[in-house]
Amino acid sequence: MQNQDKQKVIETGTSKVAARFPFTVFLEEGIEYYYCTCGLGSTQPFCDGQCEGTGFEPVKIIPKRSGNALLCGCKRQYDPKNPNCDGSHSVVNLDW
């Protein structure tokens, strides 16, 4: 299934919906995190390298303070460089 999903991401240029809700994660100040933009990673919402060859690249996050964050799970946020949930999951087609 993973190879079919990767092929679909490559062919359509559209990320896979990883979740129909935001991920609540605790981020520590000053630590580098890499947010998955392709939706294929098994360590959501973070990148595990599955994006290789898809045309998608992870977004680097370095929090300015420690705390909980709501990171987009649908991968369809309006600004792909901003991994914070903006509610897009409630208005976009989440077929796959």
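Two residues are in contact, as the word is used here, when heavy atoms of the two lie within 4.5 Å. The structure is a predicted model, in which local features need pLDDT of at least 70 and side-chain atom pairs count only at pLDDT 80 or more, while totals for chains, interfaces and linings use all residues. Residues are numbered from 1 along each chain as its sequence is written, and side-chain values use heavy atoms, with hydrogens and water left out.

**Overall fold**

- The protein has one helix and four strands, where helices (H or I, at least four residues) and strands (E, at least two) are DSSP runs numbered from the N terminus.
- Read from the N terminus on, these elements follow the order α-β-β-β-β.
- The radius of gyration, which is taken over C-alpha atoms and compared with a globule rule of 2.2 Å times the number of residues to the power 0.38, is 13 Å for the protein, close to the 12 Å given by that rule for 96 residues, so the protein is as compact as a globular protein of that length.
- Along its principal axes, the C-alpha trace spans about 40 × 30 × 20 Å.
- Of the 96 residues, 38% count as buried, a word that means under 20% relative accessible area, whereas exposed means over 50% and partly exposed lies in between (1.4 Å probe, protein chains only).
- Among contacts between residues at least 6 apart in sequence, 60% join residues that are at least 24 apart.

**Record annotation**

- In the model, the span 20–57 is 0% helix and 21% strand, and its end C-alpha atoms lie 21 Å apart.

- Tyr35 is placed in strand 2, which covers residues 33–35, and it is buried, because its relative accessible area is 0%.
- Leaving aside neighbours within four places in sequence, Tyr35 is in contact with a set of residues including Pro45, Phe46, Cys47, Leu71, Cys72 and Lys75.
- Although Tyr35 and Cys47 are twelve residues apart along the chain, their C-alpha atoms are separated by 5.5 Å.
- Tyr33 also has its place in strand 2, and it counts as buried because its relative accessibility is 16%.
- Beyond its neighbours within four places in sequence, Tyr33 is in contact with Phe26, Leu27, Glu28, Phe46, Val59, Lys60, Ile61 and Pro63.
- A polar atom of the Tyr33 side chain lies 2.9 Å from the backbone nitrogen of Glu28.
- The C-alpha atoms of Tyr33 and Arg20, which are 13 residues apart along the chain, are separated by 21 Å.

- Lys75 lies in the segment after strand 4, and it counts as buried because its relative accessibility is 8%.
- The phi angle of Lys75 is near 65°, which is a positive value in a residue other than glycine.
- The side chains of Lys75 and Tyr35 make a polar contact at 3.5 Å, a term for a pair of N or O atoms within 3.5 Å in which, within protein, one must be able to donate a hydrogen and the other to accept it, and for which residues adjacent in sequence count only if both atoms are side-chain atoms.
- The backbone oxygen of Lys75 is reached by the side chain of Ser15 at 3.1 Å.
- Ser15 sits in the loop between helix 1 (2–12) and strand 1 (23–27), and it is buried, with a relative accessibility of 3%.
- The backbone oxygen of Ser15 lies 2.7 Å from a polar atom of the side chain of Arg76.
- Arg76 is found in the segment after strand 4 (67–71), and it is buried because its relative accessible area is 17%.

**Cysteines and a cis bond**

- The structure holds zero disulfides, a disulfide being a pair of cysteine sulfur atoms within 2.5 Å.
- The closest cysteine sulfur to that of Cys47 is in Cys51, and the two are 3.9 Å apart, which is too far for a bond.
- Cys47 is partly exposed, with a relative accessible area of 24%, whereas Cys51 counts as buried at 11%.
- Pro45 is found in the loop between strand 2 and strand 3 (59–61), and the peptide bond from Gln44 to Pro45 is cis, with omega near 10°.
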